[in-house]
Amino acid sequence: MAYTYSKIATYTVGSGGTTDINFNSIPQTYTDLKIVMSARASAGTNYYQYPYMYFNNNYSGYTWKDVYATSSTPGSQNASLYYAGYIPDTSTGANIFGSAEYYIPNYTSIYSKSMSYETVTENNSSTNGQWILDFGCYVWNNSSAISAIGFYLPAGRTFAQYTTVSIYGIKAEV
């Protein structure tokens, strides 16, 4: 079975940053969705920030699990969140952007929706040469088809200028 990808939309953060990135009116004509992100937080002191991803402006009903590794420590965590990996912040050094990919199969289903992701970020500051690799997944326990996807950073953080997020529709061809 062949798959075709079609770009639905791209959002690029302008000057001054933004707290939210939103895609509304996602067509219901695809099988799956894929999101590709190149991102950086505009402030911080932890070397990374963690974006949240939510569907249809709904902030509840998520179950999340991830496995991560830093340059010194592996680990895992889980919660009832909609956490979506790591991105670098300004303490990592100048112009460092992290990358992320998100995959949402069967997003129009009347059953719970699953999502998997992988993110990677690095730190090139003189005080801490650290990287974080994160693989995660979550389930949104909702019967609504996904028609909107949003990202935001907690604690008043913003996505930095030039952060880019693209969403693709995937259609299975038989």
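**Burial, strands and aromatic pairs in a predicted model**

Visitor: What percentage of the 174 residues of the protein count as buried?

Guide: Residues are numbered from 1 along each chain as its sequence is written, and the model is predicted, so local features need pLDDT of at least 70 and side-chain atom pairs pLDDT 80 or more, while totals for chains, interfaces and linings use all residues. Side-chain values use heavy atoms, with hydrogens and water left out. Buried means under 20% relative accessible area, exposed over 50%, and partly exposed in between, with a 1.4 Å probe and protein chains only. Of the 174 residues, the share that counts as buried is 41%.

Visitor: How many strands does the protein have?

Guide: Helices (H or I, at least four residues) and strands (E, at least two) are DSSP runs, numbered from the N terminus. From the N terminus on, the elements run β-β-β-β-β-β-β-β-β-β-β-β-β. The protein has zero helices, and its number of strands is 13.

Visitor: What is the radius of gyration of the protein?

Guide: The C-alpha trace spans about 50 × 35 × 30 Å along its principal axes. With zero helices and 13 strands, the protein is as compact as a globular protein of its length, because the globule rule (2.2 Å times the number of residues to the power 0.38) gives 16 Å for 174 residues, close to the radius of gyration of the protein, 16 Å.

Visitor: What share of the contacts with a separation of 6 or more comes from residues 24 or more positions apart?

Guide: Contact means heavy atoms within 4.5 Å. Among contacts in the protein with a separation of 6 or more, residues 24 or more positions apart account for 78%.

Visitor: Which strand contributes the largest share of the nonpolar patch?

Guide: Such a patch is made of residues with over 30% relative accessible area and no salt bridge, nonpolar side chains (Val, Leu, Ile, Met, Phe, Trp, Tyr) being joined within 5 Å and like charges within 9 Å; a salt bridge is a side-chain nitrogen of Lys or Arg within 4 Å of a carboxyl oxygen of Asp or Glu. Here Val120, Trp131, Leu133 and Phe135 form the patch on the surface, with about 330 Å² of accessible area together, by the Shrake-Rupley method with a 1.4 Å probe, where for residues only the protein chains shown count as cover. The largest share, three residues, comes from residues 131–140, which is strand E11.

Visitor: Is leucine 133 buried, partly exposed or exposed?

Guide: Leucine 133 lies in strand E11. Leaving aside neighbours within four places in sequence, leucine 133 is in contact with Val67, Tyr68, Ala69, Thr119 and Val120. The relative accessible area of leucine 133 is 31%, so this residue is partly exposed.

Visitor: How far apart in space are leucine 133 and tyrosine 50, C-alpha to C-alpha?

Guide: In sequence, leucine 133 and tyrosine 50 are 83 residues apart. In space, their C-alpha separation is 12 Å.

Visitor: What geometry does the aromatic pair of tyrosine 50 and tyrosine 52 have?

Guide: The structure holds twelve aromatic pairs, where rings of Phe, Tyr and Trp (its six-membered ring) pair if their centres lie within 6.5 Å, and planes under 30 degrees apart count as stacked, over 60 as edge-to-face and the rest as tilted. The rings of tyrosine 50 and tyrosine 52 lie 5.8 Å apart, centre to centre, with 70 degrees between the planes, and the pair is edge-to-face.

Visitor: What geometry does the pair of tyrosine 54 and tyrosine 59 have?

Guide: Tyr50, Tyr52, Tyr54, Tyr59 and Tyr152 form one aromatic cluster. Tyrosine 54 is buried at 2% relative accessibility, whereas tyrosine 59 is partly exposed at 44%. Their ring centres are 4.7 Å apart and their planes stand at 40 degrees, so the pair is tilted.

Visitor: Near what value is phi of asparagine 56?

Guide: Asparagine 56 is placed in the loop between strand E5 (52–55) and strand E6 (62–70), and at 21% relative accessibility it counts as partly exposed. Asparagine 57 is found in the loop between E5 and E6 as well, with a positive phi near 55 degrees. For asparagine 56, phi is also positive in a residue other than glycine, near 50 degrees.

Visitor: What distance separates the C-alpha atoms of tyrosine 30 and tyrosine 168?

Guide: Tyrosine 30 sits in the loop between E2 and strand E3 (32–39) and is buried, with a relative accessible area of 16%. Not counting residues up to four places away in sequence, tyrosine 30 touches residues including Ser6, Tyr107 and Gly169. Tyrosine 30 and tyrosine 168 are 138 residues apart along the chain, and their C-alpha atoms are separated by 9.2 Å.
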